[in-house]
2 protein chains.
Amino acid sequence: MEKNLKLFREKIREKKMIEGALEVLQWDLETVAPKKGKENLAQIVGYLSMKEYELTTSKEFEDCVEILKENIEKLNEIEKKEIEELAEDIEKMKKIPPYEYQDYSELIARTQGIWEEAKIENNYEKYRDSLKKIVEYTIKFANYHKKDEKNLYDVILKDYEKGMTTEKLDEFFSMLKKEIVPLLKKIKEKGNPKKQLLQKTKIENQKKFNRFIGEYLGFDFDRGVGAESEHPFTMNITKNDVRLTTKYMEDNPMSAIFSTIHETGHGIYEQQIRDNLQGTILASGGSMGIHESQSRFYENILGRDIHFWKNIYKKAQEFMPFLEKISLEDFYKEINLVEPSLIRTEADELTYSLHIMVRYEIEKGLLTNELNIDDLPKIWKEKMNEYLGVIPTTDSEGIMQDVHWAAGLIGYFPSYALGSAYAAQIYNTMKKEIDVDNILETGELFKIKEWLGNKIHKYGKLKETPEIIKEVTGEELNPRYYIEYLKEKYTKIYNL
Amino acid sequence: MEKNLKLFREKIREKKMIEGALEVLQWDLETVAPKKGKENLAQIVGYLSMKEYELTTSKEFEDCVEILKENIEKLNEIEKKEIEELAEDIEKMKKIPPYEYQDYSELIARTQGIWEEAKIENNYEKYRDSLKKIVEYTIKFANYHKKDEKNLYDVILKDYEKGMTTEKLDEFFSMLKKEIVPLLKKIKEKGNPKKQLLQKTKIENQKKFNRFIGEYLGFDFDRGVGAESEHPFTMNITKNDVRLTTKYMEDNPMSAIFSTIHETGHGIYEQQIRDNLQGTILASGGSMGIHESQSRFYENILGRDIHFWKNIYKKAQEFMPFLEKISLEDFYKEINLVEPSLIRTEADELTYSLHIMVRYEIEKGLLTNELNIDDLPKIWKEKMNEYLGVIPTTDSEGIMQDVHWAAGLIGYFPSYALGSAYAAQIYNTMKKEIDVDNILETGELFKIKEWLGNKIHKYGKLKETPEIIKEVTGEELNPRYYIEYLKEKYTKIYNL
């Protein structure tokens, strides 16, 4: 027992070393590596992924985990959870043949570069075959992992959000649709004021202001960095090395700002994980849904609140002098402008879930083989037209806008919508306990960071999302909070 | 035999994968990683170095190399050289106990971060203990590796420049000293014009011009990147992923320019290695000396030639408008200004070797235990005063100015001086074969790149430096070319 626990810690340390190297390689591929150097790095990613696979599925390690599992009552809370998670991982990994695992890892590493180029060139053809292979592997792996789930999509959903099913999601999205679509209609009738925020702003100035925003929210740059990438993301190597990226556009400074606030939400989560989880496999945020709840909480609930901007509007004007001619009220209205659009990451809070629905339905169709990869650009357009009433003219603004599928993350998208729902429910509780409006106006953001840290962040993967949501808010996920939040906010803004 | 050759290639592939990951981690540590994330990355470097060590020293691989060595006449030229190199490496590596190897690798990865902070804070105390450990390991390892060398410094010299000895270096440096010191004296008597090039230039503009310079020299940015770091360096992951760094200073635009030209010289070398060496252990530049000959050739012989600037002075003025008031002739004189100074990387071509002598003598003293780590700041000042007549007031500008020792590269410095000497000798041949002045004036730098590519770069590590020098110039290293080059150039510039 003692011996096995020691072996277990050694192996976990090795596993985390390899994962750390993989994270750095991934970071490098997406933010640094030159075009023609990417293939080699993709191969290294494949090689190291294989090494991790070998370690995790080795007889020695499996036996060790097995023995610890039999003696689980003797372990502490952290070890228990680690063993549970690992036993599950090992079981899953062992079902994938080694050469498929390596091939898939290389495919994923390589496809992100291909996607990036294809997107820039608006060339779906270039991306299609790699995407097809990823979908095929996803189906293959889901078949390996299927137990008593009703369908393959339910199998992959478990990777992102335990306890979630297509049945529940179908219901969740239909509720949203029922409420959002009429609200949208009313807003459309009201019409929007003229846009004033799409103004040329030097990237240098944008960078400085975004750095300020990151620090203002409480991100610790001694334990993290910011960089640029085609698609913004957050990466945690350890809680002391959390990395955020942003994409800057000269004529749309707001885009980078809200993207930064979003990624900072993810980053603060990672930076606040308890020290005693470091070195364990629980030392990162929980499910994708709870992670997105934090980023979307920061981005939308805080970042698009007028109280948030009251305190820093002067600062914003320093870096974006054009704001001097725009009143805070007009600014507030425009950052909350509701308008069906093409790009998910640029979508307003209200139409956002509709973008997710498009992806959710396509993912379901891909997993059941009802949809053909060749038809995706067409289907994308049809669904965008159906739900949002807008049609992209290029595939770069359509089917290729997101990196997720290129990164193998099929089944991730619903987490964004779930995250928004969790966020609204958490916000409802938070407001009862601390004076959020006042905190925003006085710039004491650390109080919000602390509240989230104590209630959610510190646990890392120690607790499952349903457990956290229950503990923090007193009930299970209830989409009503999200719907009420949206209704109240937009009824007021649009004076409905 | 067939089987062993296959196993050999597989193992080499693995070795190169691990080395590639290590390079990326190293790059990340020096250009990206946040302060508090460095310790974790250093541990990953230690872990992966250990894996490479295990691979290289495994019985399986050793036996394989042994069998191939016995059948060496059946191998092709590339394989032969690989086996020779590897047999040597294995022999050396096996003499180091595994735990020492890992500990040393982590020490090296960690110390670079410590050095960086210590240098910024001008705090030698902070750096001293790590440096001490590195020196101790260097001595320990040199003792393990010692065969029939006369002293420990000769042992470590072999890592950087095969065939070089303290005896030869002592002679080389004394020749230089004998010629340079009187030349310096004459120049001092003549005096220098007022400096005009230390003018504030926005980092953004500097970056743009440096990018232009890189491309102008022929560096392929599809197969490489540029970034910033505290100490400029070049890294080659493969010939398709070559990375350069520069350090920018707002009030000294020339510093970054010559640093960029220097690193681009290294980079072009790596990018021109023959394709059929890819995937072998010969796929990088030869000895440190020959590598430095290329960077110093680009930096000094081309970059400080008036013909080079004739063609791009207008372009330079676009990014540095203050140059409009400075004539090309005055510019040329100032970039070749001779003046004893504190910082090696900023030193002029003539006093440069004296900086190397300071380091060479200290390194020799450290290896013989004649010098104490605690006394280094003091000794540094004394030697700087003796050879250059200047004394640093801070250790950041003294003993801590270079990263090399922190990176474990004790014994590297002489390569810079040797590089300058090789460069002058190569230049002497090149001028007979192509019209360098005309090429520079017409901006056809690719012709020089091609000449160097065909004569030197393409061979990677396939040929040893003495062999290359002999083939290209018709004779062995002869410091007279270097001395003549310096005499002729500076006699003219200073009208002596």
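Please keep in mind throughout that the model is predicted.

I begin with chain A. Chain A is divided into domain 1, residues 2-133, and domain 2, residues 146-496. The C-alpha centres of these two domains of chain A lie 26 Å apart. Where they meet, 27 residues of domain 1 are in contact with 26 residues of domain 2. On the domain 1 side, helices H1, H4, H5 and H6 of chain A each supply at least two residues. H1(A) gives the most, with 9 residues. By class, that side of domain 1 of chain A has 11 nonpolar, 5 polar and 11 charged residues.

I turn now to the two chains. Their contact takes 28 residues from chain B and 28 residues from chain A. On the side of chain B, two or more residues come from each of helix H1 (2-31), helix H2 (38-57), strand S1 (224-228) and strand S2 (234-238). The residues on that side of chain B divide into 14 nonpolar, 7 polar and 7 charged.

Finally, how do helices H3 and H4 of chain B cross? The axes of H3(B), residues 59-70, and H4(B), residues 77-94, come within 10 Å and cross at roughly 135°. The two helices are therefore oblique to each other. H3(B) passes H4(B) in a left-handed crossing. Glu62(B), Val65(B), Leu68(B) and Lys69(B) in H3(B) meet Ile83(B), Leu86(B), Ala87(B) and Ile90(B) in H4(B). This contact has 6 nonpolar, no polar and 2 charged residues.

Definitions and conventions
Residues numbered from 1 in each chain as written. Chains lettered and ligands numbered in written order. Predicted model: local features only at pLDDT ≥ 70, side-chain atom pairs only at ≥ 80, totals over all residues. Contact = placed C-beta atoms within 7 Å. Helix = DSSP H or I, 4+ residues; strand = E, 2+ residues; numbered from the N terminus. Nonpolar A, V, L, I, M, F, W, Y, C, P; charged D, E, K, R; others polar. Axes fitted to C-alpha atoms, helices over the stretch in contact; angles between N-to-C directions. Parallel < 35°, antiparallel > 145°, perpendicular 65-115°, else oblique. Left-handed = near helix turned anticlockwise from the far one by under 90°. Domains from an automatic or database assignment.
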